[in-house]
Amino acid sequence: GLTYANGNFYIGFDTGNQTGEIVCIDKSGNNKGSTGKIDIGHAAGLAFREKNGHIYVANGGGDNLTHVYEVDFKNKKVINDINLEEFGTAALIAIDNDKDNLIISTSLEKGNNGNPTFTVLDFNLNKKSQFQLKNQGIPQGMECYKGKLYYYTNNKITCIDLKKGKIIKSFDINESGESEGLTVVNDVKNPYVVVGYNNKNRLYSVK
């Protein structure tokens, strides 16, 4: 999982036994702190909510029914477990900070290979909209920016019009390792996408 806020990247790692760790690094790659092991599951997706400064983590994984964990990074603890099991498995998360909405992508068919269903909720968990697309690959990361979703699967970013529920375009990224997390650096003159890869762990800017 990967998200960006206040000049830093926050990266989620699966540490086993349904625990994970969130590490903060700056743009130069310097370690700025960590939560240590906390109960956030597979830590497949991270998103930052501007309204309260908290990080929200989707547990992900093809066998894991959907949970979203609200994390207070400063105090290194989970403060809320949002049960969204009714939406299936393989959860990723994004937050539309312009409208303060929570967005999840999940597989209603269970597993990683189903057609992704995208659900927009407010933070009282009222459903505002929902749509489904054809499978784009194994879900690896997602971000919302200016009404568009950037949906990351294996070596591919799919740009989606959130309001229409339609694909705008997609493009491939061919780097070694497994695709791991996507975010948008949005506090610069020309915002850009950042994607993660493992083995060795690294981030790439996509401009």
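The model is predicted, so local features need pLDDT of at least 70 and side-chain atom pairs count only at pLDDT 80 or more, while totals for chains, interfaces and linings use all residues. Residues are numbered from 1 along each chain as its sequence is written, and side-chain values use heavy atoms, leaving out hydrogens and water.

**Salt bridges**

- The count comes to 2 salt bridges, a salt bridge being a side-chain nitrogen of Lys or Arg within 4 Å of a carboxyl oxygen of Asp or Glu.
- Arg49 pairs with Asp100, with the closest N and O atoms 2.7 Å apart. This pair links distant parts of the chain, 51 residues apart: Arg49 sits in strand β5 (residues 45-49) and Asp100 in the loop between β9 and β10. Strands here are DSSP runs (E, at least two residues), numbered from the N terminus.
- Asp100 also meets Lys51 in a salt bridge (3.9 Å, N to O). Lys51 lies in the loop between β5 and β6, 49 residues from Asp100.
- Together, Arg49, Lys51 and Asp100 are linked in a network of salt bridges.
- Are these residues buried or exposed? Buried means under 20% relative accessible area, exposed over 50% and partly exposed in between (1.4 Å probe, protein chains only). Arg49 has 10%, so it is buried; Asp100, at 18%, also counts as buried; Lys51, at 65%, counts as exposed.

**Two buried residues**

- Asp72, in strand β7 (residues 67-72), is buried yet has no salt bridge. The nearest side chain of opposite charge, Lys77, is 5.7 Å away; Lys and Arg count as positive and Asp and Glu as negative, with His and the chain ends not counted.
- Leaving aside neighbours within four places in sequence, Asp72 is in contact (heavy atoms within 4.5 Å) with His54, Lys77 and Ile79.
- Thr183 belongs to strand β17 (residues 179-185) and counts as buried because its relative accessibility is 0%.

**The largest pocket**

- The largest pocket has a volume of about 490 Å³, the volume being the space filled by probe spheres set on grid points, which are joined across faces, edges and corners.
- On a 1 Å grid over the protein atoms alone, a pocket is an open set of points where a 1.4 Å probe fits, with protein on both sides within 12 Å along at least five of seven lines; lining residues have an atom within 4 Å of a point.
- Its lining has 27 residues, with Gly1, Gly12, Ala43, Gln140 and Glu180 nearest the centre.
- The largest share of the lining, 4 residues, comes from β2.
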